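These are my notebook entries on a two-chain model that I went through on screen. I wrote down what I looked up, together with the criteria behind each term.

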Amino acid sequence: MKELEKVLDRIIQRVNINLRELGYDVKPFVSNLVAPGQMVKFYAFYGITPHHPLNFQFKRTNLAGSYFLGKCQVTNSLLYKSDIRGDELKKKDDIFRFQDFEIQIHKDEEIDIEDSFLIKTLVHNYSHDPETLEKFFIKDTISTHYANIHGSPSDGCFLGPFATVDLTTMRDCVIGAYSYVQAGEINHLHIDPGTVWVRSPDVFNFFYQYPSDKLNKYIYFQAGSPPQGLFIDFVEDRKEAFQRVFDVVNMEPSIPVPKNSSLDRFSVIKPHTQISENVLVAQRAYIQNSFLGKGANAQENCYIINSKLEGYNITAHGAKIIEADLGKNTFVGFNSFLRGMPDNRIAIGKESVIMPHTIIDVKKPLSIPEGRLVWGIVTNEEDLEENSISLNDLSKIVSYYSKGNMYFEGSGKRFVSAFKDRIQHILEANGAFFSGEQKKGHAQKNQNISFNTIQPYPLGELEGLYPTIMIRP
Amino acid sequence: MENFIVKDLMVPLSEYATVPEGSTLFEAIMALEKAQEQFQMTQYHHRAVLVLDKQNRVIGKVSQLNVLLAIEPQNEQTKKINDISKFGFSDPFITYLKKHYRPDDVSIEDLYMKAGKRPVEEFMQKPSAGEYVEENTPLETAIYQLVLGPHLSLLVTSGDDIVGILRLSDVFAAIFHTMKQIQTKKLHNQG
């Protein structure tokens, strides 16, 4: 296992060199985060479909339990139970629009991971950096449990557990646990845990900071210990359910699935779940005793339990919905945690937007009116009043607004329309509007995927390392 | 232009306002006032106070701006506003927030009394690598350092010791004076 250790040491050194200006040492955070034995235990797997270009290259890597789809190159890296989902990469001759530019893509885009350590991380979407449109790079980067690197090229960064960087190029940054950043481009920033920051320069700027004493109950990460808190406990409690889906070669769906919907064979479906048409359930999603209406989706690492989603609902990567009823066209952002109780449910009115990284955790019934934007931590009616605004009122803001720990500057109208456009795009991409012939999306294209597995050296100096592998059509 | 070197224009350390580490803001202001009184007799107008450690080494500088920051009213909300200023919000918005969340219950008297008791280490500016210049350095080189910082002054060294301060205002005055001399000479020759 010596070679594997060398790869890890090299990655830690490279990340530390990049973060030297911030004075941040990743070593105490990372050294014992994944036991070396675990890295040998799990196979990696990749998908083959007629819809996605196939080109995988793995060199000097460990890929334990990780999943790959689309074009991807991994070098000198450790990927532990991560999903590298390249089904939204740009294709040759696509047109990328940026400001006044219309840029033609000259070859199929590829995810390029080098000198990085990704733990239970999701990599998805496509590079939004106009300077690197054909390469979605992740370099000298360490990301920890349930982080999302979404359309965000990264160089020299460290992401804490449940952190999300979305549509943002980042260089030499530390992103604290449970922080969400969507800011176009960031450099040399140390972002505290529980920061929610959505910025479109000169258009709008939304910022919220979790009070650390309240956030620590849900996620807490310090040097020398693995991530702790309710989020981790919640996921660990349901870990065993995934064991079977990874152990069995041929999985048949346990419930009827309409032909226009897709239920990934690496998802967990518990009894009394109903799937409607044009529904997408991604790998590592967990659905129990719930109803998913037409066009709804549950993305990677989502948990939907004892809940009803009326239709066209987006449950973004890592979101959890427990004991809740969601009206049509609701959006629940990345890693949000919505937890009602059997007799004290959460009701979310239609077309409401639950911001990424929002916690709604109630012990009494809570009703969120339709067309509302909700952020931060909500445990009762008073919190809801402080941490929400109607989308109509938000649209009227033209300069400044602040409420509790939330600060907003710019055009509320542009902020709302940016969210609405993105929700529409996600639904389209996921095939929510498939008519039977037109508007195919992931729900239809991901139905027929073949999976192959690959494994590392079982013993010796190279134990844990995967051989150099090239997979092409 | 005359071929100035840094020590031609620097204020000698012995004539500059200084306080030992551990001094309060009020003591720093008093030291500045004392230096100003001496200014009546010398050519130097003092705008900052240097903080010295026990070995008389410069460990920081308290500028007029640092004093203004020290007397800003502080509460949890204003601290948060300081934190968010790095996230791309505009200056008018930050100013608006500071005004909006300024504590109402603090009188100017209390505020100044409290600030006056704070140790200088809390708000002094520690010199960065680019703020040192050797005493025999040509003025042109020192100007690059002032502009690049940008810095209002540089600490002048001789070997391991700090021997003076090169201030932007003195450099500007020297340049202006030389410029004026050149123009006057040119006009005189044309006439």
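**Entry 1: terms and conventions.** I take two strands as paired if DSSP finds at least two bridges between them, and I take helices (H or I, at least four residues) and strands (E, at least two) as DSSP runs numbered from the N terminus. This is a predicted model, in which local features need pLDDT of at least 70 and side-chain atom pairs count only at pLDDT 80 or more, while totals for chains, interfaces and linings use all residues. Residues are numbered from 1 along each chain as its sequence is written, and chains are lettered from A and ligands numbered from 1 in the order in which they are written.

**Entry 2: the parallel sheet of chain A.** I looked up an open sheet of six strands with parallel pairing, in the order E26-E29-E32-E35-E38-E41 (chain A). Its edge strands, each pairing on one side only, are strand E26 (274-275) and strand E41 (366-368) of chain A. I then followed E26(A) to strand E29 (residues 291-292) of chain A, to which two bridges join it in the parallel sense; in this pair Ile275(A) stands opposite Leu292(A) of E29(A).

**Entry 3: domains of chain A.** With contact defined as C-beta atoms, placed from the backbone, within 7 Å, 27 residues of domain 1 of chain A touch 25 residues of domain 2 of chain A. On the side of domain 1 of chain A, strand E10 (122-124), strand E16 (164-166), E22, E23 and helix H5 (230-237) each supply at least two residues. I sorted residues by class, counting Ala, Val, Leu, Ile, Met, Phe, Trp, Tyr, Cys and Pro as nonpolar, Asp, Glu, Lys and Arg as charged, and the others, Gly among them, as polar; that side of domain 1 of chain A then has 16 nonpolar, six polar and five charged residues.

**Entry 4: nonpolar cores.** Here I call a residue buried if 20 or more other C-beta atoms, placed from the backbone, lie within 10 Å of its own, and a nonpolar core is a set of buried Ala, Val, Leu, Ile, Met, Phe, Trp, Tyr and Cys residues joined through C-beta atoms within 7 Å. Which residues touch the most other members of the largest nonpolar core? They are Ile175(A) and Leu338(A), in a core of 137 residues. Domain 1 (2-235 + 448-471) and domain 2 (238-395 + 413-445) of chain A both give residues to this core, so it lies between them. A second, separate core of 30 residues includes Phe123(B), Val133(B), Leu154(B) and Val171(B).

**Entry 5: where chain A meets chain B.** The contact between the chains takes 10 residues from chain A and nine residues from chain B. On chain A, strand E22 (195-200), strand E23 (204-209), strand E45 (400-403) and strand E46 (406-410) each supply at least two of the residues that touch chain B, and E23(A) gives the most, with three residues. By class, this side of chain A has five nonpolar, three polar and two charged residues.

**Entry 6: around E46(A).** Five of the five residues of E46(A) are buried, so it is largely enclosed by the rest of the structure. E46(A) pairs with E23(A) in the antiparallel sense over five bridges, and Phe204(A) has Gly410(A) in E46(A) as its bridge partner. E45(A) is joined to E46(A) by four antiparallel bridges, with Tyr400(A) opposite Glu409(A). In the hairpin of E45(A) and E46(A), which has two residues between the strands, Gly404(A) takes a positive phi near 60 degrees.

**Entry 7: chain B.** I listed eight helices and seven strands in chain B, and 23% of its 191 residues count as buried. The C-alpha trace of chain B spans about 65 × 40 × 30 Å along its principal axes. Three of the strands form an open sheet with mixed pairing, in the order E2-E3-E4 (chain B), and the edge strands are strand E2 (18-20) and strand E4 (58-63) of chain B. E2(B) runs parallel to strand E3 (residues 48-52) of chain B over three bridges, where Thr18(B) stands opposite Leu50(B).

Definitions and conventions: A residue is buried if 20 or more other C-beta atoms lie within 10 Å of its own, exposed if 12 or fewer, and partly exposed in between; C-beta atoms are placed from the backbone. Domain bounds come from an automatic or database domain assignment. Two residues are in contact if their C-beta atoms, placed from the backbone, lie within 7 Å.
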